[in-house]
Amino acid sequence: MTKLLRRVLAVTASVAALLAGTALAGPASAAPMSANAASTERAACAAGHLCVWEGSVLHEFSECGLFDFHGQGTGTVENNMAAGTTAKFYDGTGTTRWMIPAGSTGTVDLDIVFFVRPCF
């Protein structure tokens, strides 16, 4: 089985599992606000946002929910969401790989991130 086919099958299975959990927690909100090219000086992460820098690309999430995310390489994360929330990063099997509390920053391997929940 090819690597791509295994990844597609893993994503399909994990989407079903994560959506089942989302249905219990309530509906997911809108997609990420934007994916903008960052300047050489990294843009600040706005209040109420989860920011993920994938190289020079900035992905911003401003609402709670479960979002598909397929990054590459090592990324920098800044969680500037409301106090008391935690951002969760899931792999292709739906397993939580990283949890970044509000007010924190971190570095994550985006190659294995398939889903992001900005506020939990």
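**View 1. Strand β2 and its two partners.** Strands β2 (residues 49-54) and β5 (residues 74-80) run antiparallel to each other and are joined by six bridges. Strands here are DSSP runs of E with at least two residues, numbered from the N terminus, and two of them pair if DSSP finds at least two bridges between them. The model is a predicted one, in which local features need pLDDT of at least 70 and side-chain atom pairs count only at pLDDT 80 or more, while totals for chains, interfaces and linings use all residues. Residues are numbered from 1 along each chain as its sequence is written, and side-chain values use heavy atoms, with hydrogens and water left out. To find your way along the β5 pairing, look for His49, whose bridge partner is Asn80. β2 is also antiparallel to β3 (residues 57-61), through five bridges, and here Trp53 stands opposite Leu58.

**View 2. The hairpin turn and the two faces of β2.** Two residues separate β2 from β3 in a hairpin, and Gly55 in this turn has a positive phi of about 65°. Now follow the side chains of β2: His49, Cys51 and Trp53 point one way, and Leu50, Val52 and Glu54 point the other. Six of the six residues are buried, so the strand is largely enclosed by the rest of the structure. Buried means under 20% relative accessible area, exposed means over 50%, and partly exposed lies in between (1.4 Å probe, protein chains only).

**View 3. A cluster of phenylalanine rings.** Phe61, Phe67 and Phe69 are linked into a cluster by ring pairs. The whole structure holds two aromatic pairs. Phe61 and Phe67 make a tilted pair, 5.5 Å centre to centre with 40° between the planes. Phe61 and Phe69 also make a tilted pair, at 6.3 Å and 55°. Rings of Phe, Tyr and Trp (its six-membered ring) pair if their centres lie within 6.5 Å; planes under 30 degrees apart are stacked, over 60 edge-to-face, and the rest tilted. Phe61 counts as buried at 1% relative accessibility, Phe67 is buried at 6%, and Phe69 is buried too.

**View 4. Asp68 at the surface.** Asp68 belongs to strand β4 (residues 67-68) and counts as exposed, at 51% relative accessibility. Beyond its neighbours within four places in sequence, Asp68 is in contact (heavy atoms within 4.5 Å) with Phe114 and Phe115. The C-alpha atoms of Asp68 and Arg117 are 9.1 Å apart, though 49 residues separate the two along the chain.

Definitions and conventions: Helix = DSSP H or I, 4+ residues; strand = E, 2+ residues; numbered from the N terminus.
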